[in-house]
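Here's a quick briefing to read with the model open in your viewer. Have a look around first, then work through the notes below.

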Amino acid sequence: MILKNKKGLILGALDENSIAWKVAEQAKKEGAEIVLSNTAMAIRMGNIDELGKKINSPVIAADATSVDELNDLWKSTLNHFGSGVDFVLHSVGMSPNVRKRIPYQELDYNFLNKTLDVSAISLHKLLQTAWELNAINDEGSVIALSYIAAQRTFSGYNDMAEAKALLESIVRSFGYHYGRRNKVRINSISQAPTNTTAGSSIEGFGDLYTFSEKLSPLGNPDAQACAEYCISLFSDMTRGVTMQNLFHDGGYSSMGMSEDLMQEIEKCLMKK
Ligand SMILES: NC(=O)c1ccc[n+]([C@@H]2O[C@H](COP(=O)([O-])OP(=O)(O)OC[C@H]3O[C@@H](n4cnc5c(N)ncnc54)[C@H](O)[C@@H]3O)[C@@H](O)[C@H]2O)c1
């Protein structure tokens, strides 16, 4: 049990498909105690209470864009554990432009601000509120979830690409400060396309999933595999890793073309 005696805060479990859900279950299996959080609306609409019962964790409502609510979340978490936490998962993302299928060339800027606030600046708010309350123990580990659209253009990913680029930058910048003060490490995991509520809201998700699957030598690692990778980063085995964007994508990010994908393209060309 590599997380024995560790305590963690996990944001973003909505239903059993959520990456955060799998991380919470896996962290529990590895001996950790957990506090779960999501928005009040998500708690009402999703099944997070069921997860809370299953892993014996309190569920605390907080909108990750509200500094006041994050402050309260940290205070309740500190109170629950009687100490700081050893690990944090930020598994939060949402774009109103994506939800409303607004094309990238016609972005609604109020929605863009919302996308950036929910999907990226919320990480800064979460860390700044933790910093002020000294809520993360020395040598703690923080993970945020990203996607390769931060580095390369994926036409359907819309303004979430900007959000992920900003998120990865916050990982590096706060990683510096938290590393110096408390040896807290902060990394992002750039996850392969995964069938979740957030994932499937991206335009052309099904085709994107198949494309990645055919290009990557290992195929798309699923949410459970991502959870297991998170556990390794929460554990003491990775004490020296910080300020990194770590690809968990079956090799996709290093590929140019694969035989499998070539065969698919040939099949399509033959049909024409
Ligand atoms: N699914 C994929 O293909 C994929 C790939 C790479 C990265 N990611 C990232 O993984 C993370 C988790 O997404 P997921 O795929 O598990 O989908 P998901 O829909 O299960 O999780 C997204 C979560 O964000 C929460 N959220 C939205 N607005 C919030 C707010 N204001 N405050 C607090 N929480 C809020 C939602 O309630 C939900 O629980 C996201 O950052 C997503 O961008 C997903």
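Which helices and strands each supply at least two residues of the shell around the ligand? They are helix H1 (19-29), strand S5 (136-146) and helix H8 (197-200); helices (H or I, at least four residues) and strands (E, at least two) are DSSP runs, numbered from the N terminus. Keep in mind that this is a predicted model, where local features need pLDDT of at least 70, side-chain atom pairs count only at pLDDT 80 or more, and totals for chains, interfaces and linings use all residues. Residues are numbered from 1 along each chain as its sequence is written.

**Around the ligand**
- The shell has 27 residues, and Ser18, Gly93, Thr196, Ala198 and Gly199 come nearest (a residue is near a molecule if its C-beta atom, placed from the backbone, lies within 6 Å of it).
- H8 gives the largest share of that shell, three residues.
- By type, the shell splits into 13 nonpolar, 13 polar and one charged (nonpolar means Ala, Val, Leu, Ile, Met, Phe, Trp, Tyr, Cys and Pro; charged means Asp, Glu, Lys and Arg; the others, Gly among them, are polar).

- Strand S1 (residues 7-11) runs parallel to S2 and is joined to it by five bridges; strands pair if DSSP finds at least two bridges between them.
- On its way through the sheet, Leu36 in S2 stands opposite Ile10 and also opposite Val59 in S3.
- Three bridges link S2 to strand S3 (residues 59-61), again parallel.
- Strand S2 (residues 33-38) has five of its six residues buried (20 or more other C-beta atoms within 10 Å of its own; exposed is 12 or fewer, partly exposed in between, with C-beta atoms placed from the backbone).
- Buried residues in H1 include Trp21 and Lys22.
- After H1 comes Gly31, with a positive phi near 100 degrees.

**The core**
- The largest nonpolar core has 68 residues, and Ile10, Ala13, Ala20, Val23, Ala24 and Cys230 touch the most other members (such a core is a set of buried Ala, Val, Leu, Ile, Met, Phe, Trp, Tyr and Cys residues joined through C-beta atoms within 7 Å).
- Helix H7 (residues 160-182) gives the most to this core, eight residues.

**Leu14**
- Leu14 sits in the loop between S1 and H1.
- Leu14 counts as buried because 22 other C-beta atoms lie within 10 Å.
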